[in-house]
Number of protein chains: 2
Amino acid sequence: MSRSHSSEALEAAERLCQERGERLTPIRKRVLELVLDWDGPVKAYDLLEALNPEAGTAKPPTVYRALDFLMGLGLVHKVEALNAFVGCTHSHDEGGAELYICNNCGSVRERHGAAVPHNAPEGFRIERSVIEHFGHCGNCNS
Amino acid sequence: MSRSHSSEALEAAERLCQERGERLTPIRKRVLELVLDWDGPVKAYDLLEALNPEAGTAKPPTVYRALDFLMGLGLVHKVEALNAFVGCTHSHDEGGAELYICNNCGSVRERHGAAVPHNAPEGFRIERSVIEHFGHCGNCNS
DNA sequence: TTCCGATACGTTATTTAGTAACACTGGCGA
DNA sequence: TCGCCAGTGTTACTAAATAACGTATCGGAA
């Protein structure tokens, strides 16, 4: 898993915030950095720990607020089935990503513009979709 | 939401257990009943509460063990994004259901044999998929 | 019969996740 | 300079899930 998408993605984040009149504060930036550099999905409390040697006194709300903010911008996605978070290096299309998570190495691939499911119940209007596929990635496969 | 799928589904469960040499013990049966009769997805700790006036001393492991067992048989699904559980009245195809959850009334519709996503990364072998759509159902729509 | 192993359940305790509520601060506009 | 407000600090709590170990029950083997 690469560790160097971080800087490009951070710049993209800066730009995005500017566009939207949002502030990428030091804490938010640091959390984004950590998530992007992390090896696979990261738990909130692991972020907290990683944050603490630096920030000293970070507590759960600190990290959850930052994550909420970043998710709002589509810079971070939550892996619901893991209670964990992944950075989004793609252009944030809004409208949920489709995640492919390797059970072996923990790598996460993200796809957008997922195939729209045509078997929704009659009249059901989809507002948000959670699509997470678990298995083995090409590298870990046999 | 109907309250009477329960009995048919329970019989189906009995049969399934027999087939597989599994035991649908009183606790497991009661939990399944509760999940099936519940109005929408149910939280583990709500089950616990519902169980306690009867069973007296049910504790988290009790209900989680029952839920694990029932999920193993495909009789119950977990809604990952809600940390909640729904009963499965359909024939259990194994291989994950696709859930349509109404944000308004809490109703859950389940579809099987979901369209296989064809945009998986090269070489990725899917073992388990979590597919949850949130929105408004036909009844709650406008 | 007694003993054994397996499966389910009871029980205690702990870890992990997430949020509510309120206080403080620093910048920015009126 | 006043007051607002977004962001953060802080305390405390609720919710979700599991670890570890003890107990009971039952069916089969000795």
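**Strands, chains and DNA**

Trainee: Which residue of β5(B) stands opposite A:Ile131?

Mentor: A:Ile131 faces B:Ile131 in β5(B). The model is predicted: local features need pLDDT of at least 70, side-chain atom pairs count only at pLDDT 80 or more, and totals for chains, interfaces and linings use all residues. Residues are numbered from 1 along each chain as its sequence is written, while chains are lettered from A and ligands numbered from 1 in the order in which they are written.

Trainee: How many bridges join β5(A) to β5(B), and do these strands run parallel or antiparallel?

Mentor: Strands of a sheet pair through backbone hydrogen bonds, in either a parallel or an antiparallel sense. Strands (E, at least two residues) and helices (H or I, at least four) are DSSP runs numbered from the N terminus, and two strands pair if DSSP finds at least two bridges between them. Here β5(A) and β5(B), the latter spanning residues 125-136, are antiparallel and joined by 11 bridges.

Trainee: In what order do the strands of the sheet lie?

Mentor: The order is β4(A)-β3(A)-β5(A)-β5(B)-β3(B)-β4(B), an open sheet of 6 strands with mixed pairing. Because β4 of chain A and β4 (108-111) of chain B stand at the edges with a single partner strand each, one side of each has no neighbour in the sheet. On average, neighbouring strands are turned by 15° against each other, direction ignored (axes are lines fitted to C-alpha atoms).

Trainee: What are the partners of β3(A)?

Mentor: β3(A) runs antiparallel to β4(A), with 4 bridges between them. A:Glu98 stands opposite A:Arg111, and A:Tyr100 has A:Arg109 as its bridge partner in β4(A). The two strands form a hairpin with 5 residues between them, and A:Gly106 in the turn has a positive phi of about 80°. With β5(A), β3(A) pairs in the parallel sense over 5 bridges; A:Cys102 stands opposite A:Gly135 there.

Trainee: Is β3(A) mostly covered or exposed?

Mentor: A residue is buried if 20 or more other C-beta atoms, placed from the backbone, lie within 10 Å of its own, exposed if 12 or fewer do, and partly exposed in between. β3(A) is mostly covered, with 5 of its 5 residues buried. A:Glu98, A:Tyr100 and A:Cys102 point one way from the strand, and A:Leu99 and A:Ile101 the other way. For chain A as a whole, 32% of its 142 residues count as buried.

Trainee: How many residues of chain A are in contact with chain B?

Mentor: Two residues are in contact if their C-beta atoms, placed from the backbone, lie within 7 Å. By that criterion, 32 residues of chain A touch 32 residues of chain B. On the side of chain A, β3 (98-102), β4 (108-111) and β5 (125-136) each supply at least two residues. β5(A) gives the largest share, 12 residues. By class, this side has 13 nonpolar, 10 polar and 9 charged residues (Ala, Val, Leu, Ile, Met, Phe, Trp, Tyr, Cys and Pro count as nonpolar, Asp, Glu, Lys and Arg as charged, and the others, Gly among them, as polar).

Trainee: Which residues come closest to DNA strand C?

Mentor: A residue is near a strand if its C-beta atom, placed from the backbone, lies within 6 Å of it. DNA strand C is surrounded by 18 residues, the closest being A:Tyr45, A:Pro60, B:Thr25, B:Thr57 and B:Pro61. α3 (44-55) and α4 (60-72) of chain A, with α2 (26-37) and α4 (60-72) of chain B, each supply at least two residues of this surface. α4(B) gives the most, 4 residues. The surface has 8 nonpolar, 4 polar and 6 charged residues.

Trainee: And which residues come nearest to DNA strand D?

Mentor: Among the 20 residues around DNA strand D, the nearest are A:Thr25, A:Ile27, A:Thr57, A:Pro61 and B:Pro60. Here α4(A) gives the most, with 4 residues. The classes are 10 nonpolar, 4 polar and 6 charged.

Trainee: What span should α2(B) have?

Mentor: At 1.5 Å a residue, taken over one less than the number of residues, the 12 residues of α2(B) should span 16 Å, and its end C-alpha atoms are 16 Å apart, which agrees. The buried residues of α2(B) are B:Arg28, B:Val31, B:Leu32, B:Leu34, B:Val35 and B:Leu36.

Key. Axes fitted to C-alpha atoms, helices over the stretch in contact; angles between N-to-C directions.
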